Amino acid sequence: MTTASVQEHLLGLVDARLEAFLDLRRAEATDPSFTRLWDLLAQSCQGGKRIRPLLVLTVATGAGTRMDPATLAAAAGVGAAFEILHTGFLIHDDIMDRDVQRRGRPTVAAALMGVARDGGDTDATHTGASAAIITGDLALTGAYRLLADAGPSMSRVVDIVDEALRRTAEGQLRDISTTPAARPREEDLLDLARLKTGVYSFEAPIACGAVLGPTPTAQLAAGARDLGGAFQVVDDLLGTVGDPGLTGKSTSSDLRRRKHTVLTVWAADRDARWPSIWDDLGRGDSDGAER
């Protein structure tokens, strides 16, 4: 099998596990409005790059060289847990960032606001955001259910995921607490990116894969941390100068909210025009946002 076909096979196992879990939860829902949340969660799980489950499975199977059924089943369950965990984080993140588009379609919050508005709700914004928070909660708790069902001896894996959740929460809190007026250092932004994204997206999946497979975690930890930092820098670039048609997200959201990124700190250090551009963004000056 080629590398591409191995990856396709491994991710197919993850998708099947995730689909089975979501189908079961939808079948158990007795209220149409609750079923809608599961439908939106299932839709939100589609279209992603599957980076986190692929890391779990690649490490657990030694890049496809250890394909015994027990390892594959456990790794597929853990991979599915990371994918739904990631989806839950995105749902909550979109609410905090007031984003209305994700992966080329309305965010869960935007979709539910539309449902509330169409139903005559006079406070549709609040109702939609509240229902989206619940949807994100279902995703986060669903991740633990998937871990519990992945197989025996998952204690160490649960410990890794639990720490990753706490680190991500700390990163999110730091992120929303940062004020536009206080320009952070580049190293502080990279540390924030590690907490908010890198730990659960790279370090934890790789560590879980190592627990399930033959590779010692110590050999992979440093590389996982570097991957997380590189990923965030690229994501900041795509969030500013990327093609929304390809990325599925806005290129103005971060700038509109004057959110500090590695890119803005780099610009501030190298372009004398940046202070006036930053001030224009704070006044909602569209011309400043384009300069």
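These legends accompany close-up views of a predicted model.

View 1. The structure holds 1 cavity of 30 Å³ or more. The space in the largest cavity comes to about 110 Å³. Its lining is made up of Ser44, Thr87, Leu90, Ile91, Asp94, Arg102, Arg103, Arg105, Pro106, Thr107 and Val108. Two or more lining residues come from each of α4 (69-97) and β2 (105-106). Helix α4 gives the largest share, 4 residues.

**View 2. Helix α2 and its buried residues.** Helix α2 covers residues 32-44, 13 residues in total. From first C-alpha to last it reaches 18 Å, close to the 18 Å expected at 1.5 Å a residue. Buried residues of α2 are Leu37, Trp38, Leu40, Leu41, Ala42 and Ser44. These buried residues pack against α1 (3-28), α4, β2, α5 (108-118) and α6 (124-149). Ser44 also belongs to the lining of the largest cavity.

**View 3. Gln172 in helix α7.** Gln172 sits in α7, which runs over residues 155-177. The relative accessible area of Gln172 is 11%, under the 20% cut-off, so this residue counts as buried. Leaving aside residues up to four places away in sequence, Gln172 touches Asp93, Met96 and Lys196.

**View 4. Helix α6 and the glycine that follows.** Helix α6 has 26 residues, which should span 38 Å at 1.5 Å a residue. The C-alpha atoms at its ends are 37 Å apart, so the span agrees with that expectation. Just after α6 comes Gly151, with a positive phi of about 145°. Helix α6 is also among the elements against which the buried residues of α2 pack.

View 5. Lys49 lies in the loop between α2 and α3 (51-60). Its relative accessible area is 65%, over the 50% cut-off, so Lys49 counts as exposed. Lys49 and Glu83 are 34 residues apart along the chain. Their C-alpha atoms are separated by 9.7 Å.

Definitions and conventions. Residues numbered from 1 in each chain as written. Predicted model: local features only at pLDDT ≥ 70, side-chain atom pairs only at ≥ 80, totals over all residues. Heavy atoms only, no water. 1 Å grid on protein atoms, 1.4 Å probe; cavity = no way out; pocket = protein on both sides within 12 Å on 5 of 7 lines; lining within 4 Å. Points joined across faces, edges and corners; volume = space filled by probe spheres on them. Buried < 20%, exposed > 50% of the residue type's maximum accessible area, 1.4 Å probe, protein only. Contact = heavy atoms within 4.5 Å. Expected span 1.5 Å × (residues − 1).
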